[in-house]
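Subject: Structure handover

Hello,

Here is the structure for you to look through. My notes follow below it.

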Amino acid sequence: MKKIITLGIESSCDETAVALVRYPNDILASQISSQEKIHAAFGGVVPEIASRRHMEMMVSLFNSALKEAGIEMDDVDVVAATRAPGLIGALLVGLSFAKSIAYAYDKPFIGVNHLEGHLNAVHLEHDDVAYPHIGLVVSGGHTSLYLIKKFGHYELLGATRDDAAGEAYDKVAKLLGLGYPGGPIIDKLAKTGNPKAFRFTRPRLGKSEAFGIGELDFSFSGLKTAVMQEFKKIANSDGTLSDQIKADMAASFQATVVDILTKQVLLACKEHACKTAIISGGVAANSALREHLSLACKNEGITVHLPAMKFCTDNAAMIAYVGGVRFMNGQRDTFDLAAKANEDICI
Ligand code: KG4
Ligand code: ZN
């Protein structure tokens, strides 16, 4: 039986990406164009610029993906694109492009939730991820824990009450004058710093039904404020810090984030009797988190699957994977499917 090929399109934030995946997880092509350098000058993603850049890049990435896979559109069976959540203008570029291609080549079309893409990125390289498992999406826009009983079944267990972990990385990097995006820069700098130099307070979220706070929720804005206050206390009169103190601060901040994320994953595994966990999203590319979580899970007898770095950050292979599985499960979407800035995937 011929295995279907899915064309996947991703444009929810500042990565334009096109991939071709043969069902279920044979990656024939994965093209990604990052806009990081363009947005760095502004210290964050500028939505209007992101949309325009997606427009400029999409067609050439599409052609490069077909070339990389050595196939033509006639060989493609289904077109899948991210429809939500994300920057609405950015989403519309990829979604409209995918619909146009599907219409022009008379192919079925499927809209995919970006978070579902992240939660399934792990399947691109692992055939043996056991269900049920705990999934952590930790990126610039999200820090959410899910219980995943099977493909398509995602129960939200907890989420950030304020900033996402990636957002905290980006804001702390800005404060320290390190540039954008903060995650990879702090990751690298932290290797030269002392993670015990500063002791930043952990958020005390304690379960509170009255405030709708669960014990698997997260909070990062207090940590960001704590770094800011420490910075003000010790910065030179011209607002600068020595390179070593910056590295110590980056390492101490990172150690706190890694500790919070790891503890919540372990707690979720314990509460839901799961022996398998997966992580995804840009912050899942963090070297300290990967190391610390792997060790902690090993000590608890939990198998943790970490997608390759290139599949942690935004990519279209994860979208094509989800589109392919949904297509095989019988899903088809119509061309009036709308893009949505916000949409969770709870069942
Ligand atoms: O998943 P992603 O590419 O886009 C979103 O959907 O948000 O995640 C981007 C976020 C940014 O906040 C970036 O600073 C962070 O992921 N990030 C990292 C690392 N690489 C990217 N954070 C920590 N360590 C990294 N190595
Ligand atoms: Zn993402």
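First, a definition: buried means under 20% relative accessible area, exposed means over 50%, and partly exposed is in between (1.4 Å probe, protein chains only). This is a predicted model, in which local features need pLDDT of at least 70, side-chain atom pairs count only at pLDDT 80 or more, and totals for chains, interfaces and linings use all residues. Residues are numbered from 1 along each chain as its sequence is written, chains are lettered from A and ligands numbered from 1 in the order in which they are written, and side-chain values use heavy atoms, with hydrogens and water left out.

Aromatic pairs

The structure holds six aromatic pairs. Rings of Phe, Tyr and Trp (its six-membered ring) pair if their centres lie within 6.5 Å; planes under 30 degrees apart count as stacked, over 60 as edge-to-face and the rest as tilted. Phe-62 and Phe-97 make an edge-to-face pair, because their ring centres are 5.5 Å apart and their planes stand at 75°. Phe-62 sits in helix H2 (residues 47-69) and Phe-97 in helix H3 (residues 88-104), so this pair ties together parts that are 35 residues apart in sequence. Helices (H or I, at least four residues) and strands (E, at least two) are DSSP runs, numbered from the N terminus. Both Phe-62 and Phe-97 are buried.

Phe-198 and Phe-200 also pair, but stacked: 6.0 Å between centres and 10° between planes. Both Phe-198 and Phe-200 are buried. Tyr-103, Phe-109 and Phe-335 form one aromatic cluster.

Helix H3

The expected span of a helix is 1.5 Å times one less than its number of residues. Buried residues of H3 include Leu-91, Val-93, Leu-95, Phe-97 and Ile-101. Lys-99 is also among the buried ones. What covers the buried residues of H3 includes strand E1 (5-10), H2, strand E4 (78-84) and strand E5 (109-113).

Asp-106 is exposed, at 68% relative accessibility.

Helix H8

Helix H8 (residues 243-271) has 29 residues and reaches 42 Å from first C-alpha to last, close to the 42 Å expected at 1.5 Å a residue. H8 is mostly covered, with 21 of its 29 residues buried.

What does H5 meet in H8? Ala-165, Ala-168, Tyr-169 and Val-172 in H5 meet Phe-253, Gln-254 and Val-257 in H8. Contact means heavy atoms within 4.5 Å. The residues of this contact divide into six nonpolar, one polar and no charged. Here Ala, Val, Leu, Ile, Met, Phe, Trp, Tyr, Cys and Pro count as nonpolar, Asp, Glu, Lys and Arg as charged, and the others, Gly among them, as polar. Helix H5 (residues 165-175) and H8 pack at an angle of about 175°, with their axes 11 Å apart. That makes H5 roughly antiparallel to H8. Axes are lines fitted to C-alpha atoms, for helices over the stretch in contact, and angles run from 0 to 180 degrees between N-to-C directions. Angles under 35 degrees count as roughly parallel, over 145 as roughly antiparallel, 65 to 115 as roughly perpendicular and the rest as oblique.

Two residues of H8 deserve a look. Ala-250 is in H8 and is buried, with a relative accessible area of 0%. Ala-250 and Ala-173 are 77 residues apart in sequence, yet 8.0 Å apart in space, C-alpha to C-alpha. Leaving aside neighbours within four places in sequence, Ala-250 is in contact with Leu-176, Ile-186, Leu-189 and Ala-190. Thr-262 also lies in H8; it is buried at 4% relative accessible area. With the neighbours within four places again left aside, Thr-262 touches Leu-289, His-292, Leu-293 and Ala-296.

Backbone points

Most residues other than glycine have a negative phi, and most peptide bonds are trans. Ala-273 has a positive phi of about 50° although it is not a glycine. Ala-273 lies in the loop between H8 and strand E9 (276-280), and is exposed at 68%.

A cis peptide bond joins Tyr-23 and Pro-24, with omega about -5°. Pro-24 lies in the loop between strand E2 (15-22) and strand E3 (26-34). The bond from Ala-84 to Pro-85 is cis too, with omega near -20°. Pro-85 is in the loop between E4 and H3.

Best wishes
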